[in-house]
Amino acid sequence: MRRPVLAIVGVLLVVVGAVWTLQGLGYLPGSAMSGVTLWAVVGPVVALVGLVLLVRGLGRRGATRPPDQEGP
C-alpha cells in the first residue's frame with residue numbers, strides 16, 4: 001500500500017516541479033511566478049525529490065534477500 005502512494009506523490013511532485021521550472025524560466029506566462037528566478041531553481045529540486053519518490057515507489061518488491069540466504 002505504501003509503494004503506490006510514494007509513486008503517486010512522486011509523479012505529482014515531478015509535474016509540479018516541471019511547471020514551476022517552466023514558469024520561473026518564463027515559458028509559462030500569466031502567473032506571479034512567471035519570470036522569477038526562484039522558481040527556476042526550486043522547480044528542479046522539487047522535481048528531483050519527486051523522481052526519487054517515484055523510483056522508490058516503483059522499485060521491485062523482494063529485491064532484498066532474506067537473512068537466511070545472505071552470502072558470506
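## Glutamine 23

Glutamine 23 has a relative accessibility of 13% and therefore counts as buried (under 20% relative accessible area with a 1.4 Å probe on protein chains only; exposed is over 50%, and partly exposed lies in between). This residue belongs to helix α1; helices are DSSP runs of H or I of at least four residues, numbered from the N terminus. When neighbours within four places in sequence are left aside, glutamine 23 is in contact (heavy atoms within 4.5 Å) with Leu28, Ser31, Met33, Ser34 and Gly35.

## Basis of the model

The model is predicted: local features need pLDDT of at least 70, side-chain atom pairs count only at pLDDT 80 or more, and totals for chains, interfaces and linings use all residues. Residues are numbered from 1 along each chain as its sequence is written, and side-chain values use heavy atoms, with hydrogens and water left out.

## Threonine 21

Threonine 21 is also located in helix α1. Its relative accessible area is 16%, so threonine 21 is buried. Apart from neighbours within four places in sequence, threonine 21 contacts Trp39, Ala40, Gly43 and Pro44.

## Helix α1 as a whole

Helix α1 comprises 23 residues (residues 2-24), which at 1.5 Å a residue should span 33 Å; the end C-alpha atoms are 32 Å apart, in agreement. The expected span is 1.5 Å times one less than the number of residues.

The buried residues of α1 are Leu6, Ala7, Gly10, Gly17, Thr21, Gln23 and Gly24. Their cover includes α2 (37-58). Just after α1, glycine 26 adopts a positive phi of about 90°.

Notes: Helices (H or I, at least four residues) and strands (E, at least two) are DSSP runs, numbered from the N terminus.
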